[in-house]
Each structure stands twice: as structure tokens, then as C-alpha cells.
Amino acid sequence: MRSTCVLPLCVSAILVSASAHGQCDADLNSDGTVDALDLATVLSGWGKTAAGDVNGDGAVDGIDLAALVSAWGASCPIGQPTEIKLACQSIAVAPFVSFVQTFTVGSAIRVGIDPALTPVTAGGVADVWVVANRTAAEWAANNNLQDVRGTAQAITLGSTLAQNVFELTGGTTLSGDGNLAVGRGYDLVVDINRDGRLGAGDLIDGGGNAAGLWIARDPTASGPLQVTTLSTYTASGATSGFTTSRLWYPTTIASLGQRPLVVISHGNGHQYSWYDYLGTHLASWGFIVISHQNNTVPGIETASTTTLQHTSAIIAQQSTVAGGAINGRIDVSRIGWIGHSRGGEGIVRAYDRIFDNTYTPTGYGLSNIKFLCSIAPTDFLGVNSANPHAANFMLLWGSADGDVSGIPTNTVAWSFNLAERCSGFRNTVYVHGADHNDFNCCGTNDFQGPSGTAINNAGAQAVAKAFILAALKYHLESEIALGEFLWRPSASLRPAGVSSAFTVVKEVVPAAGTNVRTIDDFQTQTGTSTSSSGGSVVSTVTNISEAFARDTDSTYTWSTGNPHNGSIRATSTDTQRMVAWDWNVSAGMTWNLLPALRDLSSWSFVQARVGQGTRHPNTVTLNGGATFTWVLQDAQGNVAKVSSSASGEAINRPYQRTGSGTGAGWQNELRTVRLRLRDFKSVNPLIDLSQIASVRMEVGGSSGSATGRFVIDDLQFVKE
Amino acid sequence: MKRASLSSSVLVPAVITAITGIWWNASAAAQQASAPSQPVTADEVSRVPELPRTPSQNSGAQPILLQWVELAKPYQSDFRAERPLVRAGWLAVVRADSALLAPRSLAEPLLLAAGDGWITSVEWIQHGHTSGHRVCFIPWVDDAQPSGSSELRGASESIKERANLRDLRIWFGTPELPERVDAAMLARERALAQASGLQPTPKDRVPAASADLSLTDRDALVARMKQLAANWCPAEIVEAEPDAKVEAQAPEGAR
């Protein structure tokens with residue numbers, strides 16, 4: 001409410017106004033006292049619409065000064081708004097909302113307030129503000145709310161979460177234009193006392209540096225920049241016969257400062273000129289991209305050498321290539337390598353050679369390689385030589401690959417091996433119906449799969465553009481919100497250019513560290529009754545097997561003697577293990593947590609990688625998506641259950657490709673099933689997240705699919 | 001859009017068509033196999049030809065051009081695990097079944113060559129599947145010397161004699177990465193080839209060697225190979241190698 005009074009004519013009105021807002025509104029920095037610091041804020045904002053607006057009328061003026069003077073010396077609670085996820089989308093199962101950060105442009109955006117977590121007065125009215133993203137420091141300097149929609153949205157609060165879910169008016173028109181960023185950030189505020197300022201008692205999603213809400217444009221669409229292409233240049237110092245390379249860069253690069261470098265290394269029988277779709281796409285979003293001739297015929301070592309050489313060459317020759325247009329514009333500290341097929345293994349080998357100190361590149365080093373993306377890579381070299389170590393690694397692979405096919409008889413064709421070896425942040429994107437050469441323009445059609453399932457070049461390349469861009473922006477440009485594209489199922493978050501008909505199976509495993517608490521990685525305790533974190537494990541499932549993630553009998557057919565059929569993630573020299581089990585009745589697996597691991601109050605998610613066991617009789621019987629229920633139990637015995645469906649999708653049926661034994665179903669497709677821990681609080685407010693005694697995967701009966709077989713790895717708690 | 005099994009640019013000299021009849025037939029068969037009239041329940045058939053068994057009596061490659069080359073500056077071969085120094089060898093164009101030439105990401109059949117008293121891992125820079133021809137270099141590697149020191153010994157004439165074309169065999173062996181091939185593996189491959197019934201190229205089908213060529217180094221050798229490849233496999237090489245100009249005349253072996 002804007003006062004029309006001016007000092008000194010309306011003192012009484014000012015006092016009323018100050019009283020209405022409360023003296024503590026003058027405690028602008030919320031430090032507990034109305035003092036000289038607050039006065040300084042008013043004076044510095046005098047005549048503006050910035051910080052210092054005590055009464056929230058949109059102007060810093062005499063009224064604010066008077067209010068501050070009248071409140072001088074008042075003791076106030078040290079006010080902090082409550083930081084909590086508010087942005088959400090509706091889902092079909094309890095708790096019926098899913099709290100997320102990232103939305104695509106045009107999506108319905110909801111605000112959810114859970115009284116179990118943040119007590120609110122039922123029947124009270126509050127205002128929802130959508131504010132352009134501010135850092136924590138910016139919020140501290142200016143807590144006045146300005147809604148990008150023009151005005152705040154009044155909501156009437158209810159007594160349950162279901163009653164407190166509100167669609168943002170104008171949410172579908174929020175801009176995702178972040179210039180070179182794929183999206184734009186906003187902070188969401190529920191202004192409980194409706195004073196137009198963020199203060200004590202209010203709720204905020206995005207009070208830190210990160211945005212609470214991220215509106216992302218379509219990552220399959222071209223970026224904002226025009227692209228200049230240099231069809232060929234010659235790289236000095238590259239292996240004879242493999243010196244030609246192509247360059248893409250933003251036409252306006254002179255005005256962009258330094259930009260990350262992306263290097264594309266093609267596969268065997270491919271050409272450097274076959275990745276225009278990717279080079280152009282990435283350059284339009286601000287990357288400098290090269291695609292070079294790759295010496296793949298002799299093998300992986302030689303391919304890795306050309307990757308290393310061409311990366312050095314473009315750095316060394318930037319003053320002359322393209323007439324010097326990119327001179328001084330390459331940010332050598334941010335390099336991403338993308339390789340396809342043998343080139344996909346080649347880039348990993350290149351990284352491994354630097355890691356092992358057997359190759360010292362010129363112009364850059366290991367720490368400059370911020371991201372590796374292997375598209376359908378081979379695995380000729382094995383764990384000791386094709387190892388991404390702690391790099392950020394992404395695997396992109398198609399289920400209809402007729403070349404690096406995943407056949408159980410040849411571990412060279414097991415692309416997942418490389419991902420499993422990675423100890424850094426790793427994610428995989430496995431797309432049904434894509435073949436090996438769908439990821440370039442011009443390779444021979446190698447599709448192998450059921451008729452009618454091919455997604456062809458356009459489909460596969462849309463997937464490649466979307467997820468490679470998202471990962472590059474995440475790892476090289478700190479656009480963290482795009483990380484949600486890497487793990488949220490398509491039903492929850494889908495690039496507009498990727499068809500909703502596509503099955504895209506995604507895994508993400510964050511690097512070990514303080515933000516990850518692993519309960520069971522199935523590595524260090526190989527028995528089924530003890531987790532790797534040392535807690536006991538109790539299961540009532542059948543045909544349980546904790547073993548190497550490899551198919552052992554050269555066919556994908558399931559048998560009791562080959563319980564990990566369809567697992568192609570560990571060669572004979574790899575050590576990757578997983579657990580597999582099946583059920584036909586209500587059953588489950590319970591991991592008891594050691595006391596030191598029970599406080600989950602500051603953790604964000606529970607997650608595991610879960611896939612259906614291919615060709616198992618139960619999988620065949622189920623013939624569709626599988627579900628289970630996560631069950632948390634606290635030390636007092638309180639139980640909270642949330643269905644895996646809350647993540648957005650069921651665990652999909654394996655791609656129905658035939659061959660390599662009897663039946664249909666290709667390799668075991670693991671996906672990360674990740675749920676917010678607060679969801680458990682929403683379904684049962686009594687659950688004490690600071691004392692979680694056990695976590696359980698429950699199947700059958702009312703808990704999920706009546707029958708099935710799961711392959712599971714990496715039960716973890718993760719911080720956002 | 002995927003590249004068709006055969007680029008229209010391959011349809012250059014009709015004579016190549018005749019030479020590469022095997023490829024044409026294979027391609028036609030593959031196209032027929034992928035016709036939309038196939039039952040919808042069947043898996044679609046990959047248009048990458050199935051790899052024939054190698055080595056076998058049918059895994060030979062027919063030389064249609066041979067030229068002795070010596071380099072002033074040796075280079076280290078990437079096609080041998082020992083990375084030997086190479087100073088000379090036979091520049092060659094061979095013709096083979098397209099199924100053997102087709103690019104594969106998994107291990108491809110090793111391309112090997114042997115004469116009277118020698119065997120080597122053949123080097124090449126393009127697959128040749130679009131035309132049925134592969135341009136390659138048969139390096140002279142003296143396995144009698146310690147690994148990695150296969151320099152020439154003595155006068156070049158004697159070396160050329162040692163790299164003789166008597167009982168010449170050029171064939172596709174066991175699938176493997178060339179960079180992992182060592183002398184022991186070559187010995188095994190020779191035995192496997194002999195056991196498979198692979199015969200030497202008949203004398204009357206060994207082309208007369210072109211005039212010897214002296215080149216400065218591997219760069220010059222590769223340039224020459226690309227020049228030949230631009231003639232013999234234009235669909236593969238011209239697009240990727242703008243500097244490799246197609247020579248005006250018809251391919252030598254096709255005349």
C-alpha cells in the first residue's frame with residue numbers, strides 16, 4: 001500500500017503505517033536491531049526504489065525515514081526467511097507434487113507449500129512473488145520484492161499440501177531467455193505478511209545464489225548466436241594424413257569474451273565433416289567447436305593421439321586460423337571432448353594418457369578437460385587404459401546400434417563399461433531406437449531392432465543436441481539447473497524437440513564426496529546381507545545375486561546360472577558389481593543404516609539405479625513398466641512410503657530387440673530413480689528425517705508391480 | 001539423412017562399376033533385405049554387411065597396382081605394436097569383397113601381406129567400401145632386427161629384392177586392431193592363412209610394378225595415397241580431403 005503522505009504533514013498516518021508493518025520492518029538487514037546500518041540503507045536508497053523501502057510502498061522516502069526513526073533501537077527477532085523448495089509440478093501419486101527446479105518454457109509451474117514442513121495459517125492470505133534471480137548477497141542488499149509478472153499473486157492458504165498447490169498465473173509465459181544460458185533463473189517468494197519484502201516468516205525458493213526456479217528453452221533448438229563455419233583448416237603437428245579439421249564459432253565472438261572449447265573426434269569409417277549438426281548447434285550456444293580427422297584405423301591409441309594433437313593445434317593456431325577470429329577467445333581452462341565410437345573410446349584414452357603421465361599435451365592439461373562425452377564408444381583397451389577416472393563423463397548410446405551393439409559375446413561392444421569405470425560425475429543417456437550412425441549425418445544404416453521403433457537421424461540427433469548441450473552447460477558453464485535434464489525422466493522434464501514418444505533412459509551418479517552418502521555400492525561387501533556402508537541388509541526376494549555386472553554365458557537368455565544376464569557393464573578385468581533379484585509376491589530389500597548415517601535432515605534425495613532384468617520370465621510376464629515403493633523408517637518406528645512413480649515414470653521394459661539367445665529384450669537398462677526426502681515427510685509428517693533407521697525397496701502387492709526382476713546399484717543419499 | 005550404401009558420386013567411370021560387381025550385388029541384396037514388405041515382427045536387417053570369416057580361402061585381396069616406394073626420412077608405423085621405423089615398401093591398390101572392406105567400429109580384419117620370407121601389417125587410410133578398392137602401403141619391416149629398429153640394411157636394391165613379390169599374398173586375417181599387431185601375431189596369421197587354404201595371387205594376376213618412386217617422407221607418401229584414393233574411392237576421400245584432387249584420367253587398374 002503506497003502512502004500519499006509526505007513528511008511532516010501526516011505524522012499520525014506514518015505512525016499507523018509503521019505500526020501496521022511493525023517496527024521490525026525497519027530492521028532492514030534483519031540483524032535484530034533498528035540502528036545506524038538500517039539508516040544507512042535508507043539514505044543510500046533515498047529517492048529510489050531499492051533497498052531502504054521500510055513500508056514497502058515502492059519508494060524510499062520520508063515515510064520510510066520516519067518509520068525508521070520511530071522504531072529506532074527496537075529489538076527484533078533476527079529474521080530470516082525460510083529457504084525451502086516451492087517450485088513444483090503435479091504428479092499422480094502421493095505426495096501428488098514433485099518439487100523441482102527446472103521447467104521448460106511454456107510449462108505449468110506450481111508453488112507448493114507443505115504445512116508439515118513450514119507451518120502456515122490456514123485461511124490466511126499470502127502473496128506469491130516471482131522475482132528475477134538474485135544471489136544471496138543481492139537479497140541481503142535488497143529484500144524488496146519485484147514480480148517479473150508485474151504483480152504478485154494472492155493465495156489463500158490451506159491446511160494440507162494438496163490444498164497449498166497453486167499454479168503460477170502467467171507461469172507459462174515466463175521467459176527462458178538467458179542469452180548464452182539455455183534458461184533464466186527466478187526466485188520464488190511466498191510473502192506471508194504481504195509486506196512486499198522478503199523477511200522473517202516468509203518462504204523463499206532461491207534465497208542462496210542458485211535460482212529457485214529455472215525456465216529452460218528447448219536445448220534441441222539453435223541458440224541465440226549466428227555461427228561462422230570454417231570448412232577446413234590444417235592442424236600443425238597432427239599425424240600425417242589426419243591434419244584436417246573443421247571449425248565452428250559464434251560469429252560475434254569478438255564481443256563474447258573467452259569461450260569454452262569443444263573437440264569432436266569421429267569414429268572409424270566416419271569423417272570429421274559428419275557432425276555439422278552438433279558443431280553448429282553448440283556454437284550457436286557460445287562454444288568454439290572443432291571436428292577433426294581422427295586416426296581410428298590403427299586403433300584407439302592412434303585415435304587418442306589425434307584428439308590430443310588437434311586440441312593442442314587449435315590452441316596454438318588460434319591467432320591464424322579463421323583469420324585470427326578466435327584469437328584470444330578460447331578459454332583453455334574449459335575444454336570438452338566428444339567422441340563417437342572408436343573416437344568415443346579415443347577421448348577417454350586421451351584423458352587416461354594424460355592422467356597416467358604417459359602423454360603431456362601442449363597448451364593444456366588434465367585439469368582443463370572438464371567434460372568427456374562418449375557416443376556409443378568401443379571398449380578395446382579395458383579398465384587400465386580406457387578409464388575416465390574422475391572426469392565428468394557422459395555416455396550417449398542407442399538401443400538399436402548394429403555396430404557397437406552390446407552383444408554379449410564381445411566386450412568391445414559394451415559401451416557401459418566406460419561409464420562404470422568413471423569415479424567422477426557420470427551420467428548416461430540410452431535412447432531406444434537409435435542406431436550407431438544416427439549420431440552422424442552419413443554413416444551406413446546399421447539399425448537393428450523391432451520394426452517401427454527406429455527414431456532415425458533426426459530423432460537421435462535431437463537427443464544428442466539436447467543432452468550434450470545440457471551437460472556442457474552444466475559442467476563448463478555452471479548452468480547447474482540443466483543438470484535436471486540429466487536425471488529427470490522425460491515425463492517430468494523433456495526437451496521440447498525430443499519426442500514424447502521416445503524412450504530415454506537416464507542414469508546419473510554424482511562423484512563421491514561430501515554431497516553423496518552411499519549406503520550400498522555392492523562393491524566392498526559382496527554378500528547380500530551386508531551393505532558396503534556396513535549395515536545389515538535383509539531381503540525377502542527371490543533369486544538374489546550380488547555379482548559382477550556381466551552376462552556370463554554369451555546369450556541374453558536368463559537362467560539361474562546366469563543371473564546377471566543382460567548386464568554388460570564389466571569385462572573380466574572390471575570389478576563393477578550389482579545386485580539382482582525377482583519377486584512374485586510382496587517382498588523387498590531393507591538396508592539398515594548405521595547410527596552415523598541416520599541423520600538425513602540435511603540431505604535432499606534418496607536414489608538408486610534400477611533396471612528390469614531382461615528376458616527374465618517375470619519381466620516377460622510383466623511386459624511393461626515396473627514400479628516399487630521406497631520406504632523410510634525412523635528410529636521410533638514411523639514409516640513413510642513413496643512410490644517410485646513419483647519420479648515421473650516407471651522403470652521401463654527393456655528394448656524388445658531380439659538375437660543373442662532366445663526371447664526379446666536387449667541389455668539391462670538402468671535408470672536413476674531419485675526422490676526428494678521431503679516427499680516422505682509430506683506423506684507422513686511424523687517421520688523423523690534426522691533418525692532414519694532403514695531404507696527399503698518394496699515390491700509386489702500394493703507397493704508396485706506384482707511381478708518382475710530388478711537389477712540395482714548404488715543406493716545413495718544425495719545433496720542438491 | 002543417412003548416406004546411401006553407394007554415393008552417386010561413385011558412379012563416375014562405368015568401368016569401376018564392372019570391377020566392383022561384387023559390391024553392387026551385395027548392396028542390391030541389402031536393399032532388398034530392407035524393403036518395407038518385410039514382416040513387421042521381424043527385426044530389421046542391418047545394412048552393414050556381415051563380416052565373412054577371416055582368414056579364409058575367400059578373404060584374399062586382389063592387387064591391381066603396385067609401386068615400390070622409398071622414403072628419404074623414415075617414419076614410425078602405427079600399424080604395428082612395435083612401432084618400427086619404415087623407410088620403404090609397396091604402394092598398392094587392392095580390390096576386395098566389400099563386406100571385408102566395410103567400416104566397423106569393432107575389430108576389422110587385419111589387412112596383411114606376405115611374400116617369400118616376409119609378412120607385414122598393411123597400412124591404409126580409407127576403407128574402400130564405397131568402391132571396392134583400398135589404397136594401401138605395404139611397409140617393409142625387417143622382423144629379423146630387434147623390435148622398433150627395422151631400418152633398412154644395405155643398399156635399397158637388396159631391400160627391394162627382399163621385399164619380393166614372389167608368392168605374394170594380400171589377405172584379410174583375424175579381426176584385430178592393427179596397432180596391437182606384433183611379430184608373433186603375424187606368424188600366427190601366416191599359419192592361419194595357410195591352414196585356411198588361402199592361395200598366393202596367381203603370377204598372371206600380379207600387376208607389373210609401376211616405376212619406383214622416391215619420396216621425402218610420410219607426408220609425401222600419404223599425399224600420394226590420398227591422390228590415388230581420390231581416384232579409386234572418390235566418395236570416401238574427396239569429401240574428407242579437399243586437397244586430394246581427383247586426377248583427370250581413369251583409374252590405372254581400370255584401363
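Two residues are in contact here if their C-beta atoms, placed from the backbone, lie within 7 Å. By that rule, 44 residues of chain A are in contact with 32 residues of chain B. The side of chain A that touches chain B has 10 nonpolar, 29 polar and 5 charged residues. For these classes, Ala, Val, Leu, Ile, Met, Phe, Trp, Tyr, Cys and Pro count as nonpolar, Asp, Glu, Lys and Arg as charged, and the others, Gly among them, as polar.

Some housekeeping. This is a predicted model, where local features need pLDDT of at least 70 and side-chain atom pairs count only at pLDDT 80 or more, while totals for chains, interfaces and linings use all residues. Residues are numbered from 1 along each chain as its sequence is written, and chains are lettered from A and ligands numbered from 1 in the order in which they are written.

Chain B first. It has 7 helices and 8 strands; helices (H or I, at least four residues) and strands (E, at least two) are DSSP runs, numbered from the N terminus. Of the 255 residues in chain B, 45% are buried. Buried means that 20 or more other C-beta atoms lie within 10 Å of the residue's own, exposed means 12 or fewer, and partly exposed is in between, with C-beta atoms placed from the backbone. Among contacts in chain B with a separation of 6 or more, 75% are between residues 24 or more positions apart.

Which strands make up the open sheet of chain B? The order is E4-E3-E7, three strands with antiparallel pairing; two strands pair if DSSP finds at least two bridges between them. At the edges are E4 (118–121) and E7 (169–175) of chain B, each pairing on one side only. Neighbouring strands are turned by 30° against each other on average, direction ignored. Axes are lines fitted to C-alpha atoms, for helices over the stretch in contact, and angles run from 0 to 180 degrees between N-to-C directions. Helix H5 (residues 183–196) of chain B packs on this sheet and touches E3, E4 and E7 of chain B; its direction makes about 110° with that of E7(B). Strand E3 (residues 109–115) of chain B is joined to E7(B) by 5 bridges, and Pro109(B) stands opposite Pro175(B).

Now chain A. An open sheet of 4 strands runs in the order E3-E2-E5-E8, with antiparallel pairing. E3 and E8 (165–167) of chain A are at the edges with a single partner strand each, so one side of each has no neighbour in the sheet. Here neighbouring strands are turned by 40° against each other on average, direction ignored.

Going across that sheet, E2(A) and E3(A) pair over 3 bridges, with Gln89(A) partnered by Ser98(A). On the other pairing, 2 bridges join E2 (residues 87–90) to E5 (residues 110–112) of chain A, and Ala87(A) has Val111(A) as its bridge partner. Val111(A) is also the bridge partner of Phe166(A) in E8(A), and E5(A) is joined to E8(A) by 3 bridges.

Most residues other than glycine have a negative phi, and most peptide bonds are trans. Chain B has a cis bond as well, from Thr54(B) to Pro55(B), with omega near -10°.

Next, the helices of chain A. H6(A) has 14 of its 17 residues buried. How do H6(A) and H7 (residues 342–355) of chain A pack? They pack at an angle of about 70°, with their axes 7 Å apart. That makes H6(A) roughly perpendicular to H7(A), a label for angles of 65 to 115 degrees, where under 35 is roughly parallel, over 145 roughly antiparallel and the rest oblique. The contact has 5 nonpolar, 4 polar and 5 charged residues.

H9(A) has 19 of its 21 residues buried, and Ser478(A) follows it with a positive phi near 55°.

Phe522(A) has a positive phi of about 65° and counts as buried, because it has 21 C-beta neighbours inside 10 Å. His389(A) has a positive phi near 50°, but with 17 such neighbours it counts as partly exposed.
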